[in-house]
Amino acid sequence: MKVPFLDLSRINSELKEDLKQKFAALLDKGVFSGGEEVDLFERSIQDMLNSRNAIACANGTDALELALRALQIGPGDEVIVPALTWVSTAEVVSIVEAKPIFWDTDEKGLLRADWVKAISKQTKAVIPVHLYGRKADMESICEAAKASKITVIEDAAQAFGTTRNGKAAGTWADIGCLSFYPTKNLGALGEAGMCLTQDEEIAKKIRILINHGQVSRDEHVSVGRNSRIDTIQAAFLNLFLGRFDVFQKRRKDLAKVYLKKLGGLPKLGLPEDILADDHNAHLFVVETNQRDELRNFLKEKGIGTAIHYPKIIPDMEPYRSHGDFPNARKLTEQGLSLPLNPWITKDEVNYVADSIVDFFRI
């Protein structure tokens with residue numbers, strides 16, 4: 001049996017037909033920038049996440065950069081970043097000419113609770129990341145940041161739809177950033193992102209920044225950029241959003257299969273909290289000190305896996321930084337992502353799980 005890690009060509013025929021019809025309607029209308037689909041998407045996210053402002057943009061990386069610029073973070077400033085995350089989290093800090101200050105994660109991959117030790121006179125913000133779809137402890141992070149008079153940018157790119165005490169990921173911080181890259185739980189068929197904020201002035205700044213610094217046509221009040229969302233992607237996201245709950249239930253149901261079949265393996269660590277409301281099952285990451293051997297074994301069985309991520313950012317040449325970061329390093333050495341998405345079948349998940357059991361029996 002062949003089980004891909006993710007194959008977006010498996011989108012079901014009904015949804016494919018709806019996407020084709022939506023694209024045809026946009027072709028007939030001739031609106032490809034802005035318009036009703038973008039307005040509808042922003043309103044829908046505001047309502048779903050109970051956010052006062054939802055500003056769509058070109059991609060998740062832009063969302064993070066826009067957040068930094070809106071908070072006037074730049075040269076001479078420091079921003080605290082987890083050592084383990086996708087590179088964008090640190091990349092944008094460097095792009096605005098600030099300095100990323102890396103801190104270790106906890107054993108689950110979330111910013112370690114003692115991150116406040118990294119605060120200096122130059123610190124202007126902290127960017128907690130909801131890694132793998134698991135929500136960080138935003139209550140304590142925001143409280144500590146407020147006490148230290150620094151801002152919080154919430155990297156919720158992997159955690160769309162998670163909640164804690166009824167409050168959605170992305171709505172806790174000064175600015176929350178979302179990604180709708182195709183692999184995400186809510187993914188476009190191309191690039192798309194979003195900034196969330198409860199502050200009207202910050203929202204106004206971001207809207208100006210994404211549109212060349214314009215407050216209205218040809219009235220430029222600041223240096224901005226072109227980071228508007230594509231109308232077609234907004235339209236596709238509106239369709240996917242209507243199916244989000246169904247897809248989430250399927251992810252959780254498949255995660256239950258993994259947990260049940262793999263729970264008795266003493267040499268394999270499992271994401272036991274993946275069924276909770278504050279985890280959206282974006283990735284099913286197991287941990288073992290036999291990670292590479294297991295990955296090769298599964299590959300021989302026709303099973304695709306992934307490593308999120310093979311390097312911590314402080315070990316990458318553009319961001320080289322001294323430090324041990326033991327928990328983050330351990331995850332790069334032992335973490336393996338198994339196939340988990342709405343397009344795989346229960347039989348395939350059973351096959352993956354059975355293959356892993358076989359590996360540890362050998």
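Predicted model: local features only at pLDDT ≥ 70, side-chain atom pairs only at ≥ 80, totals over all residues.

Trainee: Where is Thr-105 placed?
Mentor: Thr-105 is in the loop between β3 (99-103) and β4 (123-126); strands are DSSP runs of E, at least two residues, and helices are H or I runs of at least four, numbered from the N terminus.

Trainee: Does Thr-105 count as buried or exposed?
Mentor: Buried, because its relative accessibility is 0%. Buried is under 20% relative accessible area, exposed over 50%, partly exposed in between (1.4 Å probe, protein chains only).

Trainee: What is Thr-105 in contact with, leaving aside neighbours within four places in sequence?
Mentor: Its partners include Pro-82, Leu-84, Asn-327 and Leu-331; contact means heavy atoms within 4.5 Å.

Trainee: New topic. At what angle do the axes of α3 and α4 cross?
Mentor: Roughly 45 degrees, and the axes come within 9 Å. Axes are lines fitted to C-alpha atoms, for helices over the stretch in contact, with angles from 0 to 180 degrees between N-to-C directions.

Trainee: And which residues in α3 meet α4?
Mentor: Thr-61, Leu-64, Glu-65, Leu-68 and Arg-69.

Trainee: How many residues has the largest nonpolar core?
Mentor: 61, with Val-79, Trp-115 and Ile-175 having the most contacts inside it. The largest share of this core, 6 residues, comes from α3. Such a core is a set of buried Ala, Val, Leu, Ile, Met, Phe, Trp, Tyr and Cys residues joined through side-chain atoms within 4.5 Å.

Key:
Residues numbered from 1 in each chain as written. Heavy atoms only, no water.
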